[in-house]
Each structure stands twice: as C-alpha cells, then as structure tokens.
Amino acid sequence: MTQLYDIIKVPDAVLKETAHAVETITPDIQKQMDRMLDTMYDAPGIGLAANQVGLLNRVLVMDLSRRDEEEEAAPIFMVNPEIIHESEEMSIMEEGCLSIPQQYADVERPAIVRVKYIDYDGKQAELEATGLLSHCVQHEIDHLNGTLFIDYLSSLKRNMILRKVEKMKKQNIL
Ligand code: NI
C-alpha cells in the first residue's frame, strides 16, 4: 500500500478553490491517483477529488464496487473530467462527503450524465453514468470546481452541518 494522504475537512479554504487542468499524465500524476485511491479505500469512501487531499489539479478517483461482498475492485480514474451531456430528468439521492464526515443530505442532480475525461493511461475516454455513479461523478467534479454538496442546501441546513463538524473537531472525534 502506498502512503496515504490526509483528507482535508471543512471549512478548509482549499475545498473552495478551482483545480487546474492537468497537461500530461506523468508517472507523478499516476502515483497521485494510486495514493488517492488507497486513501479513499482506507477512509472508506466511494469517491475522492484532488482538492480533498490539498492538491489543485483536476484528478478524481471513484470505486462503487461492493468490496465487502467480495466483489472485485473497480476503480475509475478521471483526469480533466468534463460533463458533455446531462439528462433533463432529475434524481434525488442522499449524499455524504469524506470532507464533511458523518453528515448526509438529499441532493438533486441530473439523473444521467455523459462525462469525457482522460484515463489512467492518458487515453481519452467517455462514461455514461446513471444512479449512484451519476451522483458520485457529479459530486466529485463539483469538488474540482470548489463546490460541496452542502452548497445545494439552505444556508440554515448548511450552517447546522458545519457547526456539527466543528463540534466533532473540537471534541477530537475527527
Ligand atoms: Ni465529497
């Protein structure tokens, strides 16, 4: 296992920054993807974006496989992901975030998205995502643009969640 990153929690400013496009897939970028994937598995989570480990490049990793049920790992690595189509149909699903631990809320997003990206080996790729994968990829791309799922909630709900995380931090639960 590679060395893990620390996952940055709200209200750190890096979570509000826009990450920059990656120009070429170098061994360093691949190493970053490996480390991000291991960090995500360790957390555990199903998605992680570069901002969450303090890096401002457009890299994200996901894996929705049920590894606890002995399914094989199915990691997806995306560099410079871009949504090229979204359905008019919407979907509401409960979301959480490794940067906002133990807090969950319903978020409404386009039900189906088509994403163009560069894969682990530097090849152009496309993915059509529905269901949980659609929510996950949109959530992670949001991270690269400095947007968190709580930004879709009312300020009342958002502040309540931020206060809860702050309280847990003070009690050293996180
Ligand atoms: Ni997140």
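The structure holds 0 disulfides, a disulfide being a pair of cysteine sulfur atoms within 2.5 Å. This is a predicted model, in which local features need pLDDT of at least 70 and side-chain atom pairs count only at pLDDT 80 or more, while totals for chains, interfaces and linings use all residues. Residues are numbered from 1 along each chain as its sequence is written, and side-chain values use heavy atoms, with hydrogens and water left out.

Cys97 is buried, at a relative accessible area of 10%, where buried means under 20%, exposed over 50% and partly exposed in between (1.4 Å probe, protein chains only). Cys136 is in no disulfide, and the nearest cysteine sulfur, that of Cys97, is 10 Å away; Cys136 also counts as buried, at 6% relative accessibility.

The nickel ion has as its protein donors Cys97 (SG), His139 (NE2) and His143 (NE2), which lie 2.1 to 2.3 Å from it; donors are N, O and S atoms within 2.8 Å of the metal (3.2 Å for Na, K and Ca), and water is not among the atoms, so sites may look incomplete.

Elsewhere, 5 strands form an open antiparallel sheet in the order β1-β2-β3-β6-β7, two strands being paired if DSSP finds at least two bridges between them. The edge strands, β1 (47-49) and β7 (124-129), each pair on one side only.

Terms used
Helices (H or I, at least four residues) and strands (E, at least two) are DSSP runs, numbered from the N terminus.
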